[in-house]
Amino acid sequence: MLRRPRRNRQSPAIRAMVEETTLSVNDFIYPMFVMEGQNLVSEVKSMPGIFRYSLDKLLEELSVVQDLGIRSIALFPQLPEALKDKYASESHREGSLYLEAINEIKNAFPSICVMSDVAMDPYSSDGHDGIVENGQILNDESLEVLGKMALAQAEAGADIVGPSDMMDGRVGYIRDILDNEGYTDVSIMAYSAKYASAFYGPFRDALDSAPKFGDKKTYQMNPANVREALIEAELDYLEGADFLMVKPALAYLDVIKTLNDNFNIPIAAYNVSGEYAMVKAAAQNGWLDGTKTMIESLTSIKRAGAKIILTYFAKEFAQL
Ligand code: PBG
């Protein structure tokens, strides 16, 4: 035998030398949840180790997170039902919890990169990412809300805005508004290939943001499709996105690879709540080694071509 691949695996030193993919905290964006109130920390039941924080507590947690070397976060708000309405008006109201939070985080931790979420669902009484009329999700009317939301977030200090709504044309629409208002340096991370996935369940528990009727299949993508992801990605690229995201990650590694093979801007992947919950649940039962499974999962996402990974594991990884 001239070729013996096992020779390159025979010692830790050689294995390290030939290792093709390495993870670092620089690869991660840590999703965090903010809620109303004071001195409150509440664990998301279906996401052990992940908490919703009132703003004062979130700031305390951020100093821990920053000390661990995490440099970027994605922030999501949990709102009481009373603040939700058909038009998600709370999403761009001056002084709202979310905008205050972005502002205070950037004041206290100017070097942390804050990515905001642009979508109506946490603020919508219908629980959808766009305006609902007669059971339909309106596209172009929703863009106006998304534009106001993105602008308000940029004004509050967001470094990256992340449209996660899947309305057509939103990246270009938002880019235009940001540029016209002087926010040419605010980046857009487009949730380009965002699938209508069952893996978002725990996140919707965390934010009480599940759709009040129907599902999200008229705007989020069919899990069966990958060619369609190229269309979404091309549009977002042409409309000015700085990053293209695939979401979820683990069940869509082929989509990550396809986008990475076809575009030269950084590809991000969102290792979503359900993917986190599965590993945690199995580990708590003693069915899987949680730490090893975490590292293997994150490595596979990066190996597939994601330069950036949004993951609830970021803190745990950093602690290692
Ligand atoms: C909605 C949004 C969702 C997530 C991020 N932004 C859920 C959805 O589309 O219903 C899910 C993230 C996760 O599951 O971790 N705009």
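A: N134 counts as exposed because its relative accessibility is 79% (exposed means over 50% relative accessible area, buried under 20%, and partly exposed in between, with a 1.4 Å probe and protein chains only). The model is predicted, so that local features need pLDDT of at least 70 and side-chain atom pairs pLDDT 80 or more, while totals for chains, interfaces and linings use all residues. Residues are numbered from 1 along each chain as its sequence is written, and side-chain values use heavy atoms, leaving out hydrogens and water.

N134 lies in the loop that runs between β6 (131-133) and β7 (136-138) (strands are DSSP runs of E with at least two residues, helices runs of H or I with at least four, numbered from the N terminus). Although N134 is not a glycine, its phi is positive, at about 50°. Most residues other than glycine have a negative phi, and most peptide bonds are trans. M166, also not a glycine, has a positive phi of about 70°, and its place is the loop between β8 (160-163) and α5 (170-180). Where N134 is exposed, M166 counts as buried because its relative accessibility is 3%.

The backbone has another feature at K247 and P248, which are joined by a cis peptide bond with omega of about -10°. P248 belongs to the loop between β10 (243-247) and α8 (253-262).

The ligand sits in the largest cavity.

Several side chains can be followed to individual ligand atoms. In the side chain of D121, an N or O atom is 3.0 Å from a nitrogen atom of the ligand. R204 has a polar side-chain atom 2.6 Å from an oxygen atom of the ligand, and for Y312, too, a polar side-chain atom lies 2.6 Å from a ligand oxygen. On its own the ligand has 400 Å² of accessible area, and the protein covers 100% of that area (by the Shrake-Rupley method with a 1.4 Å probe).

Definitions and conventions:
Polar contact = N/O pair within 3.5 Å; in protein donor to acceptor, adjacent residues only side chain to side chain. 1 Å grid on protein atoms, 1.4 Å probe; cavity = no way out; pocket = protein on both sides within 12 Å on 5 of 7 lines; lining within 4 Å. Sits in = over half its atoms within 2 Å of the grid points.
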